[in-house]
Every structure is written in C-alpha cells, then in structure tokens.
Amino acid sequence: MLLPKFYYHEPATLEEALRLLSEMGGAARILAGGTDVLVRMKLKIDKPSHLISLQKIPGIDVIIQRENHGVTIGAAVTAAELSTNELILERFAPIGIAASRLGAPGIRNRATIGGNLVNARPAADLSPACMALDATLKLKSAKNEREVRVNDFFRGPGETLIEPNEMLVSIFVETPPPWSGGAYIKLGARKALEISMVNVAVLLTLQSQDGPIADVKIALGAVAPTPVRAFAAEEFLVGKQPSSELFKEAGAIGVGMCEPITDHRGTMEYRCLMIETLTSRALNQAYNNAINWKPLPV
Amino acid sequence: MKRIIKLTINGKPVETAVSPNQTLLQFLRDDMNLTGTKHGCGLGDCGACTVILDGKAVNSCLVLAIQADNSEILTIEGLAQDGKLHPIQQSFVDKGAIQCGFCTPGMILSAKALLDQKPNPSELEIRTALSGNLCRCTGYQKIVEAIGEAAEVIRMREES
Ligand SMILES: Cc1cc2nc3c(=O)[nH]c(=O)nc-3n(C[C@H](O)[C@H](O)[C@H](O)COP(=O)(O)OP(=O)(O)OC[C@H]3O[C@@H](n4cnc5c(N)ncnc54)[C@H](O)[C@@H]3O)c2cc1C
Ligand code: FES
Ligand code: FES
C-alpha cells in the first residue's frame with residue numbers, strides 16, 4: 001500500500017501550524033497519530049497535498065490538572081497515555097476506559113484523542129466518553145479562538161463543526177462532583193481491533209452516598225449517524241432512587257433515541273437489544289463507582 | 001522533496017534522506033535492507049510490521065519515515081546479541097510458536113515492548129499485548145505460552 005505524494009510540514013510552534021493551515025485551507029490535513037489519515041490516503045479516500053505534523057509543537061501532548069476543577073487534555077495526547085493516566089482513570093473514567101478499548105497497543109501508542117474526535121466516526125470510542133463528561137473543545141485558527149461543547153460538535157459521519165482553517169487544540173473536562181461514578185462499555189464481535197457495534201458511556205452523580213440521582217449523562221455510539229445523548233433516559237432517572245429495576249427501565253427508554261443500522265457487524269434488532277442491555281449495565285457500573293467515590297489523596 | 005533524517009536503528013546511528021511519502025516500514029525494508037519487519041496489510045490491522053519506536057510498539061506501516069527523525073528504533077534484527085537469540089526468540093523456537101513465521105517478528109516485538117514494561121505479565125496482559133498481531137497458523141496458544149516462559153527466563157537471569 002503506497003502513499004501518494006504530499007508536502008510535509010513540521011511546524012515548531014502552534015502559531016506557525018495555524019498560519020500554515022490558514023494559508024493552505026482545504027488542501028492540508030493535520031497529521032496527529034496518522035492512524036486514520038494515513039489509512040485514508042492509502043485507500044485514496046482522502047488526497048491532501050499537505051500534511052502538517054503536530055509532532056514538534058510543544059505542550060500539545062500533555063495532560064494538565066486544573067487545581068480541583070478540571071483537566072485539560074492536549075489534542076495530541078495518545079490513547080495509550082489516557083488509558084494509563086491515574087487522574088484520568090480515577091476522575092474521568094469513561095475517557096480512560098474508552099481509550100483502553102481503542103484498537104490494539106500499536107494503534108493506541110499513536111492514536112490521539114484529537115484525531116478520534118475530529119475524525120467523527122459514528123462508532124469512535126472517545127466521542128461518547130467525552131460527551132458523557134460534557135467536555136469542551138478549544139478550536140483555534142490563525143485569527144480566532146472559540147470553545148465548542150462536544151455535545152454540539154458532531155454533525156454527521158466524518159462531519160463536525162470544525163472549519164478547514166481550525167485546529168482542535170485541547171479538550172477541557174470539569175471534574176465531576178463528589179459521589180459521581182463513570183462507566184464505559186464497548187461491544188464488538190471480538191475483544192480488540194474492532195469497530196464498536198454499540199458503545200455506551202455513562203456519568204452518574206448521586207446527591208449523597210445513599211441519596212437519589214442528582215445528575216446523569218448517557219452517551220451512545222454506533223447507534224446513529226453521530227454519537228447521541230440519551231436525554232429521555234437521563235430525564236427519567238434524575239431525582240429517583242437508584243436501583244437495578246430503574247436502570248433497566250432507563251435502558252428501554254434509551255433505545256428510543258437510536259436509529260441503528262443493519263450491517264455486517266450486526267442487525268438493527270440485535271443492536272436495539274444491546275443498547276438496552278448495555279445502557280442498564282453501564283448505569284449499574286457507574287452507580288457502583290459513585291457509591292465508592294473517594295476524595296483524591298493529597 | 002527528500003529530507004535528511006537522523007535516527008538510531010538497532011543501536012547504530014543512521015543519517016539518510018527520505019521522501020515524505022515513505023513509510024517507516026518501506027524505509028526499513030527497502031532502504032535499510034532490514035526485511036525482518038514484514039509488510040502484511042499496510043493498514044494497521046495485522047501487526048506484521050510492528051517495530052519498537054522510542055520504547056513503544058507501533059505499526060510501522062502507519063508511521064512516516066520522516067516522523068522517525070531523532071528516534072530510536074528496534075527491529076527484529078536488533079534482538080539477538082553476539083549471535084545468541086533473545087530469550088523471547090529462543091522460547092518461540094523451543095515452544096513451537098512459529099509455523100510460517102510471517103507474524104513472528106511482529107509478535108516478538110509486541111512481546112518485548114510488554115516485558116520491558118511488565119516483567120511478570122498475566123495471561124490476559126500477554127493476550128492484550130498481542131491483540132493487534134494476527135497469526136494465520138498457530139492458533140496463538142503456543143505464542144502466549146512462549147512469552148510467559150520467556151518472561152520467566154528473563155526474570156531469573158536478572159535475579160542471578
Ligand atoms: C487498525 C485500526 C484500528 C482502529 N480501532 C479503532 C477503535 O477501536 N476505536 C476507534 O475509535 N478508532 C479506531 N481506529 C481509528 C483511529 O485509530 C482513531 O480514530 C484515532 O484516535 C485517530 O487519531 P490519530 O491521531 O491517529 O488521527 P490522524 O489520523 O492523525 O487524524 C485523523 C483526522 O483528524 C484530523 N486531525 C487530527 N488531529 C487534529 C487536530 N488536533 N485538529 C484538527 N484536526 C485534526 C486529521 O487531519 C485527520 O483528518 C482504528 C484505526 C486502525 C488503523
Ligand atoms: S502491515 Fe502494518 S499492520 Fe499490517
Ligand atoms: S506463524 Fe504463520 S502467521 Fe503466525
């Protein structure tokens with residue numbers, strides 16, 4: 001499999017990268033981990049004449065804890081890093097678990113969170129995880145900077161709000177309040193290297209350890225042209241006392257949101273059944289993590 | 001336009017010109033004559049092209065040679081020392097974990113990256129480390145066993 005010819009740029013600063021991007025517009029692509037864009041170029045689905053590498057840009061591949069209120073994840077942080085970072089696994093578990101389920105080790109060592117989000121595949125692992133955590137994306141161009149909620153970011157398969165002259169710089173996630181717990185479940189036909197058939201990310205917050213549900217976010221992937229939030233199921237749950245029966249009912253409501261397709265990975269009927277089962281399973285897991293919430297050691 | 005890259009391959013410094021559209025895999029096989037690294041799918045699916053780049057297992061078919069500038073690469077050719085096979089290689093031979101051998105370099109480098117991080121892995125950790133490496137011949141069982149045994153040999157060697 002040969003790569004077509006292109007010009008390669010390796011800017012040493014973010015400003016230079018943004019300037020190149022605005023000069024070349026639609027003819028250029030960012031090269032992060034390359035696990036999507038190089039595959040697409042080999043298959044001749046994408047033909048950029050310029051690749052702009054993020055490799056030399058300082059600070060774009062780091063995770064920064066913001067006191068107690070949140071975390072900023074650089075767009076070029078790899079799935080391998082996210083899946084082993086203690087802060088992420090402890091406080092932002094859906095992202096850490098989703099990262100650990102993305103591809104296989106060789107892919108995770110290169111694949112970045114920014115590439116996963118901008119690529120906007122309906123079955124991507126990190127998209128629903130970021131949606132359940134209500135992440136905010138920082139988009140920058142040579143002249144502008146704006147913040148977009150990840151819940152508004154996806155427009156269709158491969159389509160997002162990002163403009164050709166913009167770069168995703170970082171992802172900010174607020175620290176969930178006390179008595180929060182997260183979960184992420186991915187269903188594929190085999191354990192690794194599998195595009196999901198259905199994936200579910202949940203963040204559940206209790207009013208107190210034995211209290212009712214204060215807030216819950218449920219995001220589903222691979223069930224519609226973009227990952228979706230199961231708002232009806234969320235509304236149904238808030239204010240109620242958690243129980244497995246309640247989570248089962250929520251799962252059934254969750255299916256209402258979805259327009260799954262039939263393909264070689266699974267039929268529509270099977271997918272609907274799995275959405276219901278996995279949503280209630282993820283809610284149970286998130287609840288168990290919520291009642292075991294602990295302050296971080298200082 | 002070609003560019004000069006400087007890197008270390010199997011402990012030897014290399015300085016050479018590469019084209020932007022050359023993958024690390026093509027560079028190793030065609031320019032460096034290191035044909036132990038195999039070209040299977042070219043799309044990240046099979047793991048035959050696995051090499052270790054700065055300590056991490058990567059699919060060299062999805063890395064540009066130019067991106068390997070200033071890096072350290074380990075390929076299957078760099079494992080044996082003074083004509084003696086590395087313990088992982090030796091236990092693949094002893095255990096019969098090799099049939100046609102096409103997946104073997106990638107398997108062994110994925111295993112090496114694992115054992116460098118986790119000298120005493122569980123069977124699940126071994127299977128996870130190999131989850132991006134396909135084998136059409138062996139059925140994996142003997143490969144998993146060979147890696148478990150190699151881990152023991154390496155641990156014993158380091159204790160003594
Ligand atoms: C074998 C294999 C298995 C895979 N398995 C999975 C899986 O299980 N789950 C899953 O979700 N994905 C999977 N993928 C897809 C891919 O690995 C992920 O989507 C990955 O996160 C992409 O990140 P990257 O850094 O490699 O992206 P790249 O290929 O570098 O970039 C992808 C796209 O995003 C753009 N882009 C990247 N970074 C930015 C940025 N900061 N700002 C603006 N645009 C940007 C690029 O221009 C390009 O168009 C798999 C891929 C392969 C080859
Ligand atoms: S040749 Fe690179 S993964 Fe198959
Ligand atoms: S030994 Fe033949 S592919 Fe693994």
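A residue counts as near a ligand if its C-beta atom, placed from the backbone, lies within 6 Å of it. The model used in these exercises is predicted.

**Exercise 1. The ligand site**

Find which chains surround ligand 1, and describe the shell.

*Solution.* 

Step 1. Start with the residues. The shell around ligand 1 holds 30 of them. A:Ala32, A:Gly33, A:Gly115, A:Asn116 and B:Gly44 come nearest.

Step 2. Read the chain letters. Residues of chains A and B surround ligand 1, so the two chains share the site.

Step 3. Look for the elements. Those that give two or more residues to the shell are strand E2 (28–31), helix H2 (37–42), helix H7 (113–119) and strand E10 (167–174) of chain A. H7(A) gives the largest share, five residues.

Step 4. Sort by class. The shell around ligand 1 has 15 nonpolar, 10 polar and five charged residues.

Step 5. Domain 1 (7–53) and domain 2 (63–174) of chain A both give residues to the shell, so ligand 1 lies between them.

**Exercise 2. Where the chains touch**

Count the residues in contact between chain B and chain A, then describe the side that belongs to chain B.

*Solution.* 

Step 1. Count both sides. Chain B has 21 residues in contact with 24 residues of chain A.

Step 2. Find the main contributor on chain B. Strand E4 (residues 56–59) of chain B gives the largest share of that side, four residues.

Step 3. Sort by class. The side of chain B that touches chain A has eight nonpolar, 11 polar and two charged residues.

**Exercise 3. Domains of chain A**

List the domains of chain A. Then describe how domain 2 meets domain 3.

*Solution.* 

Step 1. Take the bounds. The domain assignment gives domain 1 (7–53), domain 2 (63–174) and domain 3 (180–291) of chain A.

Step 2. Compare centres. Over C-alpha atoms, the centres of domain 2 and domain 3 of chain A are separated by 20 Å.

Step 3. Count the contact. In chain A, 23 residues of domain 2 are in contact with 25 residues of domain 3.

Step 4. Name the elements on the domain 2 side. Helix H5 (93–100), helix H8 (126–132) and strand E8 (154–156) of chain A each give two or more residues. The largest share, five residues, comes from H8(A).

Step 5. Sort that side by class. It has 15 nonpolar, four polar and four charged residues.

**Exercise 4. Domains of chain B**

*Solution.* 

Step 1. Count the contact. Domain 1 of chain B gives 14 residues and domain 2 of chain B gives 13 residues.

Step 2. Name the elements on the domain 1 side. Strand E3 (50–53) and E4 of chain B each give two or more residues. E3(B) has the largest share, three residues.

Step 3. Sort that side by class. The residues divide into seven nonpolar, five polar and two charged.

**Exercise 5. Two helix pairs**

Describe how H2(B) crosses H5(B), and how H11(A) crosses H12(A).

*Solution.* 

Step 1. Take the pair in chain B. The axes of H2 (residues 87–95) and H5 (residues 141–159) of chain B come within 8 Å and cross at roughly 135°.

Step 2. Classify the angle. Angles from 65 to 115 degrees count as roughly perpendicular, and those over 145 as roughly antiparallel. H2(B) and H5(B) are therefore oblique to each other. The crossing is right-handed.

Step 3. Sort the contact. The contact of H2(B) with H5(B) has eight nonpolar, one polar and four charged residues.

Step 4. Turn to chain A. The axes of H11 (residues 244–255) and H12 (residues 268–291) of chain A come within 8 Å and cross at roughly 140°. H11(A) and H12(A) are therefore oblique to each other. H11(A) passes H12(A) in a right-handed crossing.

Step 5. Sort again. The contact of H11(A) with H12(A) has seven nonpolar, seven polar and two charged residues.

Methods. Residues are numbered from 1 along each chain as its sequence is written. Chains are lettered from A and ligands numbered from 1 in the order in which they are written. This is a predicted model: local features need pLDDT of at least 70, side-chain atom pairs count only at pLDDT 80 or more; totals for chains, interfaces and linings use all residues. Ala, Val, Leu, Ile, Met, Phe, Trp, Tyr, Cys and Pro count as nonpolar, Asp, Glu, Lys and Arg as charged, and the others, Gly among them, as polar. Domain bounds come from an automatic or database domain assignment. Axes are lines fitted to C-alpha atoms, for helices over the stretch in contact, and angles run from 0 to 180 degrees between N-to-C directions. Angles under 35 degrees count as roughly parallel, over 145 as roughly antiparallel, 65 to 115 as roughly perpendicular and the rest as oblique. A crossing is left-handed if the near helix is turned anticlockwise from the far one by less than a right angle, and right-handed if clockwise. Two residues are in contact if their C-beta atoms, placed from the backbone, lie within 7 Å.
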